[in-house]
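Please look at the structure first.

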Amino acid sequence: MPPLFQLPPLLPLLLLLLLLPPCLPLCDVLIVGAGFSGLSAACRLKLAQPELEVQVLDKAAEPGGRVSSEHMCSERSPPAKPGAAPGYTLDRGFAVFIDSYPSLSAPGLLDLPALDLRPFQPGSLVLTSPGKLARVADPLRRPLDLLPALLAPVGSLADKVKVLPLLFRVFTSEPAELFKEPETSTLAALSDRYGFSPAFVASFFRPFLQGIFLAPLEEQSSRMFHFVFKMFSEGAATLPRGGMGAAAKQLRGRAEALGAEIECGSRAVGIGRDGDGYRVSVERGGERSELLARRVIVAAAAPQARELLFGGKPPLLKATPTPPQPQREVGCVYYSLPEAQLPVADPILILNGLGAGDPRLSPVNNLCFPSAVAPGYAPPGRHLCSATVLGPALDAFREKGGLDERALGEAVREQLARDFFPARRREIEGWELLAVQRVPDAQPSQLGGASPASSWEPRVGEIGGVGLPPGAFVCGDHTATATLDGAIGSGLKAADKVLEELGKS
């Protein structure tokens, strides 16, 4: 006699499937961070093994990390016609693209000719007294500037002769050799090793190098000084035609063309082990989900990388890390001006050789006119002025509610009119203030501390003195040198380590 009630044969199987946990997406390599290091790692992985599934997450709306550009119009220069591209390109903090960085020669990454790099003129103009700009030239690359270089009231003749041993040192040494030297502060190297006078150090080297490393000479690494001086001496400081963000945009396009999946607006909040791989918790628009990956590369800036790995939910690392490296801060103030009011037509960097003084009165460390270097930074008939303000000067304009942008913008304007270009005071008073930027974690420190960003060999297998488990790596300028070269090189190194592990598995 058949039973009164019998389950359909497939129903138990369907019930079992409903009770099982959902199947999570799985990729071969998950990269957290779509800056230059993360995008470089993605390109390297896909170039080496096109079949790998590589996914890149970034919490920002656009990739590029700290290297980005904003495109905008202004009241005085609206688009030429409806739908036209915005007229001004504002880089996130003043930065230059040094075309001699070794990592740029890695195959399959950036197409430098397509970036249409426009060089700065070698040397600089140094403010020696109100209204007086003296040219510090590079006669090795511009022989006609030899006599003006010798006669310039910046440094003595003896100082200029002492530059030759410095040039000989960097020209005859490979970068790796420079990083094997005993390390001192840059101030000690300039004063004790090369014997430059205090006046030359104060008027030229201090504003020039502080504009690069965002720290006093006493807190800069001599190894980093030699490396960057070599790069400037052998190559050119340039700006891409479309701004520094154009390089990040090109690298993203390259990674996507190779087959990497890049997802912006997604924030990794925790990493945990899952068998031989990793389970990554991700927040997207307030919703939380999980991803599985065989290997993970954390390509975020140092503060975010430490927060994710030591304080994530869940944290991957349980040990106590060494204290974090200080992060350098910088500000940038942008003005728009009519083409006829451009005070310096040469594509050259201008340094404040008078010293910092009272930051409320003299906040500017260096300035330039990017639109005189590369087209695209300003619309036709206009120019763009970029003034750099270092962290200590920014502190003088902090209020309880944050940075007093209006006061800083007016203080910079007053210094430009009083010290740099007094003959153009009335014109400068009419320049349009476009933006006041503050970049809080612009650069990791490079001298002292447990993990200074002055290592030629990227430290991709540890962070904060704590080793990462198999299959997990970090990259970024904080693991190598605090340069674009360090960011790219560390991303390539992390990718190579992943490929090495995958080849063994």
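Reader: Which residue is the bridge partner of Ile-31 in β13?

Author: This is a predicted model, where local features need pLDDT of at least 70, side-chain atom pairs count only at pLDDT 80 or more, and totals for chains, interfaces and linings use all residues. Residues are numbered from 1 along each chain as its sequence is written, and side-chain values use heavy atoms, with hydrogens and water left out. Strands (E, at least two residues) and helices (H or I, at least four) are DSSP runs, numbered from the N terminus. Strand β1 (residues 26-32) and strand β13 (residues 287-298) run parallel, joined by six bridges, and in β13 the partner of Ile-31 is Ile-297.

Reader: What is the bridge partner of Ile-31 in β2?

Author: β1 and strand β2 (residues 54-58) run parallel, with four bridges joining them. Two strands pair if DSSP finds at least two bridges between them. In β2, Ile-31 is bridged to Val-56.

Reader: How many residues of β1 are buried?

Author: Buried means under 20% relative accessible area, exposed over 50%, and partly exposed in between (1.4 Å probe, protein chains only). Strand β1 is mostly covered, and of its seven residues the buried ones number six.

Reader: Is Ser-197 buried or partly exposed?

Author: Ser-197 sits in the loop between α7 (186-193) and α8 (198-213). Its relative accessible area is 23%, so Ser-197 is partly exposed.

Reader: What is the bridge partner of Phe-97 in β9?

Author: β5 pairs with strand β9 (residues 237-239) over two bridges, in the antiparallel sense. Within β9, Phe-97 is partnered by Thr-238.

Reader: At what angle do α5 and α9 pack?

Author: Axes are lines fitted to C-alpha atoms, for helices over the stretch in contact, and angles run from 0 to 180 degrees between N-to-C directions. Helix α5 (residues 157-171) and helix α9 (residues 222-234) have axes 9 Å apart. Their packing angle is about 90 degrees.

Reader: What is the span of α14 from its first C-alpha to its last?

Author: The expected span of a helix is 1.5 Å times one less than its number of residues. Helix α14 (residues 405-420) has 16 residues, and 22 Å is expected. The model comes close to that, at 21 Å.
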